[in-house]
Amino acid sequence: MERESVGDPSDLSPRASDDANCPRTADTDPTVSRYRYTVPDISVVLLSWDGLELTERCVESLRSHTTHELEIVIVDNGSRPEVQEAIAGLADRWVLNHENLGFAMGMNQGLEQVQSPTVVFANNDTAFPPGWDVALVESLRTLPRAGIVVPAVTASGNPRTVRSAPGTQVERLLPFSEPPSGIVYVMDSEYARRLGGWSTDYPIASAEDWDLCFSVWVSGKEIYFDTRVLVEHVSKGTASKKLEDWQALWRQNRNRFLEKWSTTIPETGPEIDPRRREQLTVAIEWMRRFYHTRDELISVTAERDELR
């Protein structure tokens with residue numbers, strides 16, 4: 001795993017300003033003095049792959065609208081040099097990769113850097129509303145067996161958590177139902193580490209969020225949907241523009257996910273509850289049948305269109 005640099009303002013040496021890859025603080029670069037490092041209450045991990053304008057917008061919303069002491073960790077997956085230089089100025093901690101190591105690997109690199117008890121895994125094409133963290137952290141820390149808390153979003157390929165306005169309810173999602181898209185996941189940092197972070201079984205960008213949600217459910221914890229927070233999201237703001245055939249990748253990873261969860265239960269903690277084991281078996285079988293039928297219909301439709 002090759003990294004170009006890892007930034008941590010707590011590691012500054014007297015001659016840090018002489019190092020082109022050193023962390024930037026008020027002592028080394030006055031243009032980022034407002035990002036002075038303190039012990040955080042909450043850490044947001046963002047991935048970057050070019051799309052600097054989106055990342056800047058996301059960071060600005062976080063800096064302006066977060067109530068808790070905030071740490072922003074940005075992992076850049078092989079962006080252009082000028083983008084990586086800008087990333088090091090936006091983040092409190094950062095990892096600059098020479099190439100795109102994929103969503104899961106990038107998020108896990110970010111998790112390694114997290115210093116706070118609460119981690120938020122977020123897409124960089126998001127914008128957070130005022131006080132977003134108060135509600136989501138409250139849900140994580142007070143709801144029974146909370147493993148992941150997700151907010152409402154304005155757009156997503158999966159409409160499950162899409163809303164046009166914030167709500168008033170916090171809903172428990174049924175175990176092994178369709179997982180919410182991994183746009184914003186709020187978790188306890190140590191729990192995320194005990195799960196092993198994000199699975200690297202899937203190439204580039206899809207199915208990792210399903211896998212993490214199933215791992216949470218297998219471990220006996222719950223996933224909650226907090227409608228009180230509405231996060232603005234540009235659906236596929238990065239992936240659809242830069243991945244040549246995102247849909248084909250999704251189908252490939254989806255099949256890999258179904259195969260994985262139909263044959264083995266990963267070691268994510270204590271022995272799975274018998275009821276949850278049964279729920280998992282039923283859910284995977286239903287999903288296999290559903291997607292098999294849907295793929296056949298798509299194939300038949302495509303063949304008919306070619307004959308016209």
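Predicted model: local features only at pLDDT ≥ 70, side-chain atom pairs only at ≥ 80, totals over all residues.

Author: Residues are numbered from 1 along each chain as its sequence is written, and side-chain values use heavy atoms, with hydrogens and water left out.

Reader: Why is the pair Arg141 and Asp188 called a salt bridge?

Author: The term requires a side-chain nitrogen of Lys or Arg within 4 Å of a carboxyl oxygen of Asp or Glu. The closest N and O atoms of Arg141 and Asp188 are 2.9 Å apart, so the pair qualifies. It links distant parts of the chain: Arg141 belongs to helix α4 (residues 132–142) and Asp188 to strand β9 (residues 184–188), 47 residues apart. Helices (H or I, at least four residues) and strands (E, at least two) are DSSP runs, numbered from the N terminus. By the salt-bridge rule the count comes to 17.

Reader: What makes Glu259 and Arg288 a salt bridge?

Author: Their closest N and O atoms are 3.9 Å apart, and the limit is 4 Å, so the pair is counted. Glu259 lies in helix α8 (residues 246–263) and Arg288 in helix α9 (residues 274–307), 29 residues apart.

Reader: How do you know whether Arg289 is buried or exposed?

Author: Buried means under 20% relative accessible area, exposed over 50%, and partly exposed in between (1.4 Å probe, protein chains only). Arg289 has 58% relative accessibility and therefore counts as exposed. Glu285, at 36%, is partly exposed. These two also form a salt bridge, with closest N and O atoms 2.9 Å apart. Being 4 residues apart in helix α9, Arg289 and Glu285 are separated by about one helical turn.

Reader: Which residues are linked in a network of salt bridges?

Author: Arg145, Arg172, Glu222 and Arg276 are linked in this way.

Reader: What makes a set of residues a nonpolar core?

Author: A nonpolar core is a set of buried Ala, Val, Leu, Ile, Met, Phe, Trp, Tyr and Cys residues joined through side-chain atoms within 4.5 Å. The largest such core has 45 residues, and Phe121, Ile148, Met187, Phe214 and Phe257 have the most contacts inside it. Helix α6 (residues 208–218) gives the most to this core, with 7 residues. Apart from it lies another core, of 34 residues, among them Trp94, Val120, Leu140 and Val149.
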